[in-house]
Amino acid sequence: AMAQTRNDRNLLFVESRVPSLRRLVEMLIISDPQIIAFRRSEVPDELKSAIVSLALKEGLFGMDHLRSIVDQSTVCLDCTAKGLCKRITPSFIAQIPFSAPSLEILNLSGAKQVDDDAFLCLAKLSSLKEINISGCDQITGYSLIPILQSNSELRTITLNGCSRLTTDDLFHLPMSLAVIKVTGTPALCDRLVRHLAKHSRSLLKLDLGGCKDLTDDALKLIGDKHPGLRELDISGCRLITDDGIIHLTQRCNHIRRLVVSGCKQLTNDALTSIATCLNSNLQVLGIQFNRNYTIDSFQSLISHCSNLRTLMATSCTGSPDVLTVMKDFSAKHPSIRIYYEPYFASHVPPRSN
């Protein structure tokens, strides 16, 4: 009878509400975390991930569940999903080296309650390859430096907004790093960037947003030492000029993501160099908050960058001609995300109904 009425909308609605066997198992485990605690070696990693996702969605995820899924085989611990970082306690952090000694990836972004004493416990780990402590504003070099020293093969570090780290602390960043993200960190300075560019083995991604004293010379050093660079964010670096961007793009022509928003000394020459040197490799470009660009540079950008997927150009010019070009380009390439609003509200043409 069910087969004969499968097209009935009400039946389909009822059938969609029947939980699968897998979901029933997940919900059972959520209701009693000790099921995992006693049998966690028998729980596949895929099921653990599904349990965490379901528990977060249902608002049932507690510290008992977190302790249950972290074991000797855990290599990745991401505490950012749906506010979980707010539930992480210093006592839980202190347990990680004992419950997950082989941990390779740790994301504590936003876990503001984690302090130096708790974070220092992670110096017992020696296999970390990725660390993200963005927004952890209680952490200082006191705990970070020993962790850096005990994990010589660290490849990625994200310290965005870590306000208590000093420039001297960041000079301890290992030369093994390929990805460094320090946007909004007050300790970031031109001297540090030169040091990282000169001594790092092979940088692939750099987020240096907000480094107010970053100079063209530091940018040129990055270009000379790291031609394989794939992503660069120097938003808000107001000392950067066309000279630095031209030098960089000529040497790092494999860049896929470039953000120069707020670099207010850049002109058409920089944008033209970005278009001609990066051309088909460029996928994401941010050029917001700069009034120096004209329609010629935008047309060059559009004609050369055939694989562009995201263009962030809010408040970059007041020219109504540029707005027209952007609208035409967006209409012809609907898959490309374009964020554009003119600088002067009086230049915005009325919307057509």
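Residues 24 or more positions apart make up 71% of the contacts in the chain that have a separation of 6 or more. The structure is a predicted model. The chain holds 15 helices and 11 strands, and 46% of its 353 residues count as buried.

- Helix α11 spans residues 216–225, and its buried residues are Asp 216, Ala 218, Leu 219, Ile 222 and Gly 223.
- Viewed down the axis of α11, these buried residues fall within an arc of 165°, so they line one face of the helix.
- In an α-helix there are 3.6 residues a turn, so residues three or four places apart point the same way.
- The cover over the buried residues of α11 includes the helices α10 (190–199) and α12 (242–251), together with β6 (205–207) and β7 (231–233).
- The axes of α10 and α11 come within 9 Å and cross at roughly 10°.
- Because of that crossing angle, α10 is roughly parallel to α11.
- On the α10 side, the residues that meet α11 are Asp 190, Val 193, Arg 194, Ala 197 and Lys 198.
- On the α11 side, the residues that meet α10 are Asp 217, Ala 218, Leu 221, Ile 222 and Lys 225.
- Ala 218 and Ile 222 are among the buried residues of α11, and both are also among the residues of α11 that meet α10.

**Helices α12 and α13**

- The axes of α12 and helix α13 (residues 268–278) come within 9 Å and cross at roughly 5°.
- The angle makes α12 roughly parallel to α13.
- From α12, the residues in this contact are Asp 242, Ile 245, Ile 246, Thr 249 and Gln 250.
- From α13, they are Asp 269, Ala 270, Ser 273, Ile 274, Cys 277 and Leu 278.
- Helix α12 is also part of what covers the buried residues of α11.

**Helix α8 and Ile 145**

- In α8, the buried residues are Gly 141, Ser 143, Leu 144, Ile 145, Ile 147 and Leu 148.
- What covers them includes α7 (116–120), β3 (130–132), β4 (156–158) and α9 (167–170).
- Ile 145 lies in this helix, which runs over residues 141–150.
- With a relative accessible area of 15%, Ile 145 is buried, because the cut-off for that class is under 20%.
- Leaving aside neighbours within four places in sequence, Ile 145 is in contact with Asp 169 and His 172.
- Ile 145 and His 172 are 27 residues apart in sequence, yet their C-alpha atoms are 6.5 Å apart in space.

**Aromatic pair**

- The count of aromatic pairs comes to one.
- Tyr 293 and Phe 298 form this pair, which is edge-to-face, at 6.4 Å centre to centre and with 85° between the planes.

**Cysteines**

- A disulfide is a covalent bond between the sulfur atoms of two cysteines.
- A search of the whole structure finds zero disulfides.
- For Cys 162, the closest cysteine sulfur is that of Cys 136, at 6.0 Å, which is too far for a bond, because a disulfide needs the two sulfur atoms within 2.5 Å.
- Cys 162 is buried, at 0% relative accessibility.
- Cys 305 is buried as well, with a relative accessible area of 2%.

Conventions. Residues are numbered from 1 along each chain as its sequence is written. This is a predicted model: local features need pLDDT of at least 70, side-chain atom pairs count only at pLDDT 80 or more; totals for chains, interfaces and linings use all residues. Side-chain values use heavy atoms; hydrogens and water are left out. Buried means under 20% relative accessible area, exposed over 50%, partly exposed in between (1.4 Å probe, protein chains only). Helices (H or I, at least four residues) and strands (E, at least two) are DSSP runs, numbered from the N terminus. The arc is that of the directions from the helix axis to the C-beta atoms. Contact means heavy atoms within 4.5 Å. Rings of Phe, Tyr and Trp (its six-membered ring) pair if their centres lie within 6.5 Å; planes under 30 degrees apart count as stacked, over 60 as edge-to-face and the rest as tilted. Axes are lines fitted to C-alpha atoms, for helices over the stretch in contact, and angles run from 0 to 180 degrees between N-to-C directions. Angles under 35 degrees count as roughly parallel, over 145 as roughly antiparallel, 65 to 115 as roughly perpendicular and the rest as oblique.
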